[in-house]
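Here's a quick briefing to read alongside the model.

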Amino acid sequence: MQNIKSYLEEHQDRFINELLELLKIPSVSADSAYEKDVIKTADAVKNSLELAGCDHVEICETPGYPIVYAEKIIDANLPTVLVYGHYDVQPPDPIDLWDSPPFEPVIKNTEIHPEGAIFARGACDDKGQMYMHVKALELMTKTNQLPCNVKFMIEGEEEVGSKSLGWFVERNQEKLANDVILISDTGMIAKDVPSITTGLRGLSYVEVEVTGPNRDLHSGLYGGAVANPINILTKMIASLHDENNHITIPGFYDKVEELSKEERAEMAKAPFSLDAYKKSLDINAVYGEEGYTTNERNSIRPTLDVNGIWGGYTGEGAKTVIASKAYAKISMRLVPNQDWEEITTLFQKHFESIAPEAVTVKVTPHHGGQGYVTPIDNIGYQAASKAYQDTFGKTPIPQRGGGSIPIVSLFEKELKSKTILMGFGLDSDAIHSPNEHFGVWNYLKGIETIPLFYKYFTELSKQ
């Protein structure tokens, strides 16, 4: 494709500034206080797609937040790429750990990003990566180099489980018909080591509530005689792992896919420095399931983690109290073949069974999704690989990711399409954490690489 680099160089400052403006809108889907901002962001995405060259753009209402749909159909006989992304972001908490306000984006130089990184909530996950596709479309339409049809489906509930997406997909299969789905909501191994995510873990997310006495009690008058829900909850949670950090829920591993020695050996070829990993996190040692490497623990093995725990008095000073209730939020990352609903049921039955008679337990499932593996012998993967080779000068490494995008398995079930995960973020980008950021170089490299995927996918589709 001609003029990609020249057009990108000419407009890169505008591309960056447009992203900064989008990042200023606090589109936090988990908090209803931001409802107007989430809607405002959908409108902003709609306007951007119109300016980028889409012939049809609409805001599609759902039971929850709207989905932005757009298309550019140039020839019904050509293949169609469906781009998925999300415009909602994680809550910015804890605010006091940010070096700059989360919705006042700034560009700062870092050791990894000497050319600058954009610091803001959503910079990498997923506004920055989603917006790469909008600008890639602009690049192709303005230079008359769009080789096939393109559709966009940008949702506003990914960070709360994509509650309305299944509803929308089931009702719009003809509208969403495509030959391949393209997503940038993952990462790559390093700036100089491109990779394509070929697998994602599933997810089961639950909230637990432990109730003891019918009210908060004086810890002097009742301590030692009445069950303390906080003490009991922590014991119950601690029992969910054994001394080898193996999850103790009966049946949890029954359907876990065990990779062969050969497959594990291929994974081990990816460049990885344990010392650099520990340094980046400021930890003295790694920790996890015995018998597996760090990269295996965070990709091909299931996990169980407490995401939040609370109860009793947490204010300033002291209050001698035995709380009536204690709570925790728990997520389980699942590998292919583990059904998230089945795992949720197993967790609920087990957690209720280990509670002592002195308390009652309530388990509330929140959301979840299935894991996903995409083969590397399909033309979508091959097109992505060739695109990376052109812009990075290296063949990308297939890599299984530790995160979850539950809707990917939904897409294959409902739309019968394979998904290609072309992520340009890095593990160090602090997504879901304070000081989330996205390298300017990575952002622009994504805009440069994505049009080549369209080119090669179209060419391979004709063979």
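Two strands count as paired here if DSSP finds at least two bridges between them. By that rule, this predicted model has an open sheet of 4 strands in the order β11-β13-β9-β14, with antiparallel pairing. There's also an open sheet of 3 strands, ordered β4-β5-β18. The protein is divided into domain 1 (4-200 + 371-461) and domain 2 (202-256 + 302-369).

- From one strand to the next, the twist averages 15°.
- Strand β9 (residues 202-211) pairs with β13 in the antiparallel sense, and 10 bridges hold that pairing in the count.
- Helix α6 lies across β9, β11, β13 and β14, and runs at about 15° to β13.
- Helix α10 packs on the sheet too, touching β9, β11, β13 and β14, with its direction making about 165° with that of β14.

**The 3-strand sheet**

- The order is β4-β5-β18, and the pairing is antiparallel.
- Which strands are at the edges? They're β4 (106-108) and β18 (437-439); each has a single partner strand, so one side of each is left without a neighbour in the sheet.
- The twist here averages 30° from one strand to the next.
- β4 and strand β5 (residues 117-119) pair antiparallel over 3 bridges, and K108 stands opposite A117 in β5.
- Helix α13 (residues 440-461) packs on this sheet and touches β4, β5 and β18; its direction is at about 60° to that of β18.

**How the two domains meet**

- The centres of domain 1 and domain 2, taken over C-alpha atoms, are 35 Å apart.
- In contact terms, 11 residues of domain 1 meet 7 residues of domain 2.
- The size of an interface is often given as the accessible area lost when the parts come together.
- On that scale, domain 1 and domain 2 bury about 660 Å² between them, with 58% of it on carbon and sulfur atoms.
- On the domain 1 side, G371, S404 and P406 lose the most area to domain 2, together 54% of what that side buries.

- Helix α12 (residues 407-415) is mostly covered, with 7 of its 9 residues buried.
- The buried ones are I407, V408, S409, L410, F411, E414 and L415.
- T391 is found in helix α11 (residues 379-392) and counts as buried because its relative accessible area is 13%, under the 20% cut-off.
- Leaving out residues up to four places away in sequence, T391 touches K445, E448, T449 and L452.

- Most residues other than glycine have a negative phi, and most peptide bonds are trans.
- A cis peptide bond joins D93 and P94, with omega about -5°; P94 lies in the loop between β3 (80-86) and β4.
- The D125 to D126 peptide bond is cis as well, with omega near 0°, and D126 lies in the loop between β5 and α3 (127-142).
- N245 has a positive phi near 60° and lies in the loop between α6 (229-238) and α7 (261-267).
- N337, another non-glycine residue, has a positive phi of about 90°, and it's in the loop between β13 (325-334) and α10 (340-353).
- Are N245 and N337 buried or exposed? N245 is buried, with a relative accessible area of 17%, whereas N337 is exposed at 53%.

**Cysteines**

- How many disulfides does a search of the whole structure find? It turns up 0.
- C60 is in no disulfide: the nearest cysteine sulfur, that of C54, is 13 Å away, and a pair needs to be within 2.5 Å to count.
- C60 is buried, with a relative accessible area of 7%.
- C124 is buried too, with a relative accessible area of 4%.

How values were computed
Residues are numbered from 1 along each chain as its sequence is written. This is a predicted model: local features need pLDDT of at least 70, side-chain atom pairs count only at pLDDT 80 or more; totals for chains, interfaces and linings use all residues. Side-chain values use heavy atoms; hydrogens and water are left out. Helices (H or I, at least four residues) and strands (E, at least two) are DSSP runs, numbered from the N terminus. Axes are lines fitted to C-alpha atoms, for helices over the stretch in contact, and angles run from 0 to 180 degrees between N-to-C directions. Contact means heavy atoms within 4.5 Å. Buried means under 20% relative accessible area, exposed over 50%, partly exposed in between (1.4 Å probe, protein chains only). Domain bounds come from an automatic or database domain assignment. Buried area is the accessible area (1.4 Å probe) that two parts lose on being put together, summed over both.
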